[in-house]
Amino acid sequence: MKNYILILIFAIIGIIYTFVPNETIISLGIGILRHNDRVLIGSISLIIAAVLIFRSLRKKLDLKV
Amino acid sequence: MDKKRFVSVLLFSIVITILMNSLDMLFHLFEGTTVHLDYVAIKIALIFASIFLTSLLVGLGKSEGIFASILGPVVFFLYYRYTFPTLNRQLFRIDDQLWYVIPHVIFFMLSYWLVFDFIKNKKYNKIIQNVGRGLILTLMSVAFDFIYRMSVVSVQTGRDAEAIARTLDHVYALKLFIPLLILFSLLFILMKRYRSFAAAILAGVVVFIIDKDIIHAILLIILTFISYLLLKKVRKS
């Protein structure tokens with residue numbers, strides 16, 4: 001359950017800071033740092049979310065190459 | 001969390017990140033796309049994040065390597081797509097097109113394979129193993145050298161993006177890469193002791209012959225020595 005909550009949090013941060021247009025972010029009042037820095041934060045959040053998803057899938061399906 | 005495992009994963013991720021960026025910079029110099037310090041820094045951050053988090057949270061292995069190798073370049077492509085350009089795209093061609101994800105994934109996988117099979121495990125016979133290690137040390141020295149040269153220009157020009165982007169060229173890359181690869185491979189094959197010192201001095205001599213700059217040579221001696229120690233730590237951890 002804790003894993004799913006973390007995935008959700010990081011995925012939301014990642015999607016907002018990476019894909020949402022700059023003007024919308026500023027109008028929402030969450031425009032921290034510069035635009036490019038926000039995209040970097042978003043990208044790292046997406047990486048964390050993807051790794052957490054891979055970890056839970058790996059455990060469930062026992063993926064092996 | 002186990003401190004020993006954390007350090008082991010950290011060092012492993014650092015080496016793979018340096019190798020991947022070295023292969024990537026060499027590829028872009030020969031392919032004609034710009035190698036720029038800011039983009040290299042972002043690439044280092046994202047590649048490191050993907051390999052470090054995958055290794056730490058999931059583990060080390062083939063499937064983890066494939067996953068991290070795809071994740072890093074894909075997120076890097078997304079970063080390129082959604083940021084404001086910091087370099088004049090009319091003058092400089094950068095690797096922001098979709099197809100560049102493929103060479104990035106290949107370089108990432110190659111780096112993972114090199115470190116996993118040549119440093120962490122001993123899968124091949126002694127000569128191939130030593131040539132592989134020579135290649136890894138060469139790529140690390142080349143990466144540090146490129147970053148040093150771009151940093152110097154960055155400081156000298158007050159972070160002039162266009163001057164930094166013009167710092168490196170494929171002729172310099174070739175002059176540095178080929179002699180270092182031959183010398184380091186021979187060194188790993190022929191020498192049993194004092195390899196770290198010998199490799200560092202050889203790197204310094206090669207750079208001094210090419211660049212005629214003593215500070216540059218001394219710095220590369222230090223960085224090659226550090227690279228060797230890093231590889232040794234990764235092997236032992």
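Begin by selecting B:Arg159, which lies in the loop between H5 and H6 of chain B. The model on display is predicted. B:Arg159 counts as exposed because its relative accessibility is 57%, and the cut-off for that word is over 50%. Its backbone also deserves attention: phi of B:Arg159 is near 60°, a positive value in a residue other than glycine. Most residues other than glycine have a negative phi.

B:Asp38 is in helix H2 of chain B, while B:Arg159 is in the loop between helix H5 (126-156) and helix H6 (161-165), so the pair ties together parts that are 121 residues apart in sequence. Is B:Asp38 buried, partly exposed or exposed? With a relative accessibility of 27%, B:Asp38 counts as partly exposed.

Next, select B:Tyr194, found in the loop between helix H7 (170-190) and helix H8 (195-211) of chain B. Phi of B:Tyr194 is near 55°, again a positive value in a residue other than glycine. B:Tyr194 is exposed, since its relative accessible area is 54%.

**Between helices H1 and H2 of chain B**

Now select B:Asp24 and B:Lys43, whose side chains meet in a salt bridge of 2.4 Å, N to O. B:Asp24 belongs to helix H1 (residues 3-31) of chain B and B:Lys43 to helix H2 (residues 37-57) of that chain, so this pair ties together parts 19 residues apart in sequence. Both B:Asp24 and B:Lys43 are buried.

Stay in helix H2 of chain B and select B:Phe48, which has its place there. B:Phe48 is partly exposed, because its relative accessible area is 24%. Which residues touch B:Phe48, apart from its neighbours within four places in sequence? They are B:Leu10, B:Ser13, B:Ile14, B:Thr17, B:Lys43 and B:Leu53. A distance label may be drawn from B:Phe48 to B:Thr17: the residues are 31 places apart along the chain, and their C-alpha atoms are separated by 5.5 Å.

**Helix H4 of chain B**

Select residues 101-120 of chain B, which form helix H4. This helix has 20 residues and reaches 27 Å from its first C-alpha to its last, close to the 28 Å expected at 1.5 Å a residue. H4 of chain B is mostly covered, with 14 of its 20 residues buried.

**Where the two chains meet**

Show both chains in separate colours. The size of an interface is often given as the accessible area lost when the parts come together. For chain A and chain B, about 2000 Å² is buried between them, 80% of it on carbon and sulfur atoms. In this interface, 20 residues of chain A are in contact with 20 residues of chain B.

How many salt bridges are counted between chain A and chain B? The count is one, and the structure holds four salt bridges over all chains. To find the bridge between the chains, select A:Arg58 and B:Glu64, whose closest N and O atoms are 2.7 Å apart. The pair crosses from helix H3 of chain A, where A:Arg58 lies, to helix H3 (residues 62-82) of chain B, where B:Glu64 lies. A:Arg58 and B:Glu64 are both buried.

**Along chain A**

Select A:Ile53, which is placed in helix H3 (residues 35-61) of chain A. A:Ile53 is partly exposed, since its relative accessible area is 40%.

Finally, switch to a surface display and select A:Met1, A:Ile5, A:Ile9, A:Ile13, A:Ile32, A:Leu33 and A:Ile41. These residues make a nonpolar surface patch of about 660 Å². Which element gives the most to the nonpolar patch? Helix H1 (residues 2-19) of chain A does, with three residues. A:Ile13 is found in this helix H1 of chain A, and A:Ile13 counts as partly exposed because its relative accessibility is 30%.

How values were computed:
Residues numbered from 1 in each chain as written. Chains lettered and ligands numbered in written order. Predicted model: local features only at pLDDT ≥ 70, side-chain atom pairs only at ≥ 80, totals over all residues. Heavy atoms only, no water. Patch = residues over 30% accessible without salt bridge, like charges linked within 9 Å, V, L, I, M, F, W, Y side chains within 5 Å. Areas by Shrake-Rupley, 256 points an atom, 1.4 Å probe, with all protein chains shown as cover. Helix = DSSP H or I, 4+ residues; strand = E, 2+ residues; numbered from the N terminus. Buried < 20%, exposed > 50% of the residue type's maximum accessible area, 1.4 Å probe, protein only. Expected span 1.5 Å × (residues − 1). Contact = heavy atoms within 4.5 Å. Buried area = accessible area lost by both parts, 1.4 Å probe.
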